[in-house]
Amino acid sequence: MKKVIEASQAIALGAKLCRPDVIPMYPITPQTHVVEDLASMINNGELDCAMIDVESEHSAASAMIGVVAAGSRCFTATASQGLFLMYEILPIISGMRFPGVMAVANRALSAPISIWNDHSDAVSARDQGWIQLWVESSQEALDAIIQGFLISEASNVQLPLMVNFDGFTLSHVFEPVDIPSQAEVDKFLPKFKPVYKLDVKKPMSFGPIGFPDSFMHFKKQQQDAMINALEVVKAVNSKFAKAFGRSYGDGLLDLYKMKDAEYAVIGMGTLCGTAKVAIDKLRAEGKKVGLIRIRCLRPFPEKELQKAIKGLKAAAVLDRHISLGQKGPLFTDIRSAIYCNDITINSYIAGLGGMDITVKHFEKVFKDLAQGKQKGEWLFD
Amino acid sequence: MIKGLPYAEYFVSGHRACAGCGEALMIRHVVKAAGPNTIAVMSTGCMEVVSTPYPQTSWGIPWIHGAFENNSAIASGIDAALKKQGKRDETNLLVFGGDGASFDIGFGALSGALERGHKFTYVCTDNEAYMNTGIQRSGGTPLYASTTTSPAGSKVAGKQEPKKPLPFIVASHGIKYVATASPVNVFDLHKKVKKALATPNASYIHAFSVCPVGWYTKPEATIEIAKLAVNSRVFPLYEIEDGVLTFTQKIEKDKAIPVLDYLKVQGRFKHLKPEQVKEIQKYVDTRYDFLVGIEGKKAFDCLF
C-alpha cells in the first residue's frame, strides 16, 4: 500500500511490522515523531508491544539490555545528545552480543546547541560495535528497519544495528512510501529466537568480568561477527529485493551513474539525493560524473569500495562531520581503504548543524576534481 | 547451615570476596530466601567482580551485569519483557546495587524505575563508601567517617555531611514495601525478602553491609559490629508497609548502647574527638526519635 508519509512515520511503521516486544524510549528532537507514532499504535491497540517511558537515554539503552537478555525483540530510537548519553552502554550492548535495532535521527552535537542535521552523533559512535546503515529516503528508512532486524539477529552476526536517517531533512519530509503488509514482513522476518537468555531453568551469568586472558578473545569474536555482517547485509538486501521488489545497491554501497564515471562524490544520507540532481545536470552537459553512496558504514565495505572506484580519475568525500584536529572520518576511512589505488581523493566538510548542501556545492566539487585540485575545503552556504 | 532456613545456595562459595565481607553475606541470604525462580541484576562493584571472574561464576540463578548505574534500567527491560511473555508472575526479579550505585550514580535510574511501577525488589547492599575502587566517599558514607577521598586530615577530618536518607526517599515514591535488614537476624532478613518479593510492584530492602577492609574492622567481628549498629540505634530495623512504619526490632532509649561503642571498634572513626562523637550521638538520637514519632502512622502515600 502506498502512502505519503514522513520518514519518521516510515520508521515507526517499519518497526511496527517487525513486531517488537518492548520499546524503551526517551524523547529527543528530531526523533520524537517516531516514538509518538509507536505510542499511539500501542495505545490504540494496533501494536501489541510494551513501551517503557524511561527517564533518560542512558536507561533506554540499558533497558534494551534487559529486554533482549530476557529473550524479547527490542526497538528504540534516539538522536544527537541522546545517543551520546547512551554512549557508555553502546559497547556493552554489542559486547554482550545483544541484537536489536535503534533508529537515529541524525542531529548535530552541542555546543552550540543545534537541533539540525549532521552526522556527528552516529559517526562518532562508529567504533562501538554497532552495525550502521545510513538511508537516503523514507522508503529506505522503512525497509532498513525490517532488513536491520534480520541482519542483527543472524546467527553468525548477533550484533545491534543502527538505522541512521537525517534529522529534519529526512525525518520530517513527506514522501510516497510503499508499506508492506504484515503477512509479507512475517514471511521475511522470522520470530526472534535468542541464542541465550536469562532463564531460571538454565541459569547463566551475563556480563562477567573479563581478565586480560579472555578480553581480547571476546573482541576478536565481535570483529569476526562484524566481518560476517558484510555478507549478511548483502544477502539480506538480495532477499529483500526478491520479497519486496526493492533493493539498495548491493546493500553496502549504492552506486549512481558510476559505470563510465571519471569523477565521483562519496557521501551518506540525504545529501546523496542532491548529488544525484547535480550529477544528472552535469551528465546532460556531457560530464562523466557519478556517486558512491555509503549505505553501510560499519562494517566498512573496503573491497566493494576498491571495486567501485576503479576507473576514476578523482573522487571527493563529503563528510557531514569533522573529526576535529583531523579530517572528515568518512574521508579517512575511504582513503585508508583505497590507499594503494592511484587516484586523487579530496575531503570536503559540509552541512554541519543543518547548513544546506546544494546542487551548486556539488557543481563546485566536480569542477575542483576536473581541474585537478588536490585539496578539499569546508563548503559554506 | 542454619536450622529453619532453606539448605540450597544460589550464591555459592568459591567467590573472591574478602574474609568477613558483610555484603557477600547479605547477598547470599537474599538469594537463598528468594529461591531458584529468580533473576538477579547487579551493578558494577565488588560483588560483580568477586562473583563472576570469567569463566567462573558463583551464581546458581540467572544473573546479569551491565554497568554501574543502570541496574534498575536493565531490570525495567527484563520486567517489561517478562510481562509481555506472560511469565512475570512466576519469576522473582532481584536488583542489587551498592551504596555508590544506589545513592549516587544509579539514583536517577532507580527513581525512574520506581516511578514507572515496575515489579522488582531492589536490594541496596550499603557498605557506606565506594569500596571496589578503594574506599572513596559516597552519598551513603556517614558523618565524620574517614574515606580515601574524605580523609581524616588535620584541617578537615572525615566526611562533613550525614548520609542521604535513601530508604525514606525510596518510600516517598509511594512503593508498598521498604525495609531495612541486618545480618544480626537472618530470619528477619529472609522474612523481609519474601514479603518484598510478594509485593505487586517495586519493593526495596536496605541491607547493612559491613566492610572490614573499608571500615578497618576485624573480619571475624562483622556480625558483632552489625549488632552494635542495631543496639546503638545507628541502624534501625524497620519495615514501611503501605506507607506505615513499624519497627521489626525496636531499641528503647534506655536500652540503647552508646554510639561510641559502635564507633570505637572501627578504624574509619578512630580520629573522632569527643565533641564529634557527641554530635553523632545527637544525630542518631534525633533520627531514631523521628522514626518513633511516625511509628504506626501513615507517613508515606502509596501510589500503587
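Which residue stands opposite A:Leu255 in β12(A)? Select A:Leu255 and A:Ile292; the latter is that residue.

This is a predicted model, in which local features need pLDDT of at least 70 and side-chain atom pairs count only at pLDDT 80 or more, while totals for chains, interfaces and linings use all residues. Residues are numbered from 1 along each chain as its sequence is written, and chains are lettered from A and ligands numbered from 1 in the order in which they are written.

Next, display β10(A) with β12 (residues 289-294) of chain A: the two pair in the antiparallel sense over four bridges. Here strands (E, at least two residues) and helices (H or I, at least four) are DSSP runs numbered from the N terminus, and two strands pair if DSSP finds at least two bridges between them.

Contact requires C-beta atoms, placed from the backbone, within 7 Å.

Finally, turn to where chain A touches chain B: 37 residues from chain A and 37 residues from chain B take part. On the side of chain A, α3(A) gives the largest share, nine residues. Select β9(A) and β2 (residues 63-65) of chain B, which pair in the parallel sense over two bridges; A:Ser205 stands opposite B:Trp63 there.

Methods. Contact = placed C-beta atoms within 7 Å.
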